[in-house]
Amino acid sequence: MKALVVVCYQNDHVLGKMGCKYSKMIEKNIVKRIEEALDYSDEIYFIMDYFEEGFFKTPEGKKYPAKHCIRGTEGTELYGKVGAYLSKGHMITKRTYGASGLAHSISRFDEIEFCGVDTHTSVLANVIIARTANPNARIRVMQNCVASKDTDLGEAALQIMEAMGVEIE
């Protein structure tokens, strides 16, 4: 069994202050991976930030450069054509880098593939959750389906994931 996990591909992470030009560039690649997953009846999970206004006053929230993905705003919606597939998958919301609900959801899969943004924060954190919850699974990250505002940290995150046995393709 295979799962595709799309991490934080939301309007505020693509178009907003949390986004970058690279985030927009991976949209077609993510859509292609989603369509392939649907063709093979794979499970799809959308990991999405959902913050309350008060979150940004917490120690972690103060570290974010901009308020984003506040519940009830367009910024929380999936970006572009990816949004059309939300009803075909499972949504898991999160209020920090990693989605604690992901661990239970993906523990039964033989293969787990990740795409989305930001490679060096949310993608990395959720890959670590997947590796911890399912240590025998084949975990993959397609380089043309992830993006980071900081390309150096994005590359470093891919190296860290590879050192953890994640296949970087």
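The largest pocket of this predicted model has a volume of about 160 Å³, where a pocket is an open set of points on a 1 Å grid over the protein atoms alone, reached by a 1.4 Å probe and with protein on both sides within 12 Å along at least five of seven lines. Its lining, meaning residues with an atom within 4 Å of a point, consists of Tyr22, Thr119, Gln143, Val146, Ala147, Ser148, Thr151, Gly154, Glu155 and Leu158. Two elements, β5 (138-147) and α6, each give two or more residues to this lining, and the largest share, four residues, comes from α6. By class, the lining has four nonpolar, five polar and one charged residues.

Helix α6 (residues 151-163) also packs with helix α5 (residues 119-133), at an angle of about 15° and with the axes 9 Å apart, which means that α5 is roughly parallel to α6 (angles under 35 degrees count as such). The crossing of the two helices is right-handed. Thr119, His120, Val123, Leu124 and Val127 of α5 meet Leu153, Gly154, Ala157, Leu158, Ile160 and Met161 of α6, contact being heavy atoms within 4.5 Å. This contact has eight nonpolar, three polar and no charged residues.

Residues are numbered from 1 along each chain as its sequence is written. Local features need pLDDT of at least 70 and side-chain atom pairs count only at pLDDT 80 or more, while totals for chains, interfaces and linings use all residues, and side-chain values use heavy atoms, with hydrogens and water left out.

Conventions: Axes fitted to C-alpha atoms, helices over the stretch in contact; angles between N-to-C directions. Parallel < 35°, antiparallel > 145°, perpendicular 65-115°, else oblique. Left-handed = near helix turned anticlockwise from the far one by under 90°. Nonpolar A, V, L, I, M, F, W, Y, C, P; charged D, E, K, R; others polar. Points joined across faces, edges and corners; volume = space filled by probe spheres on them.
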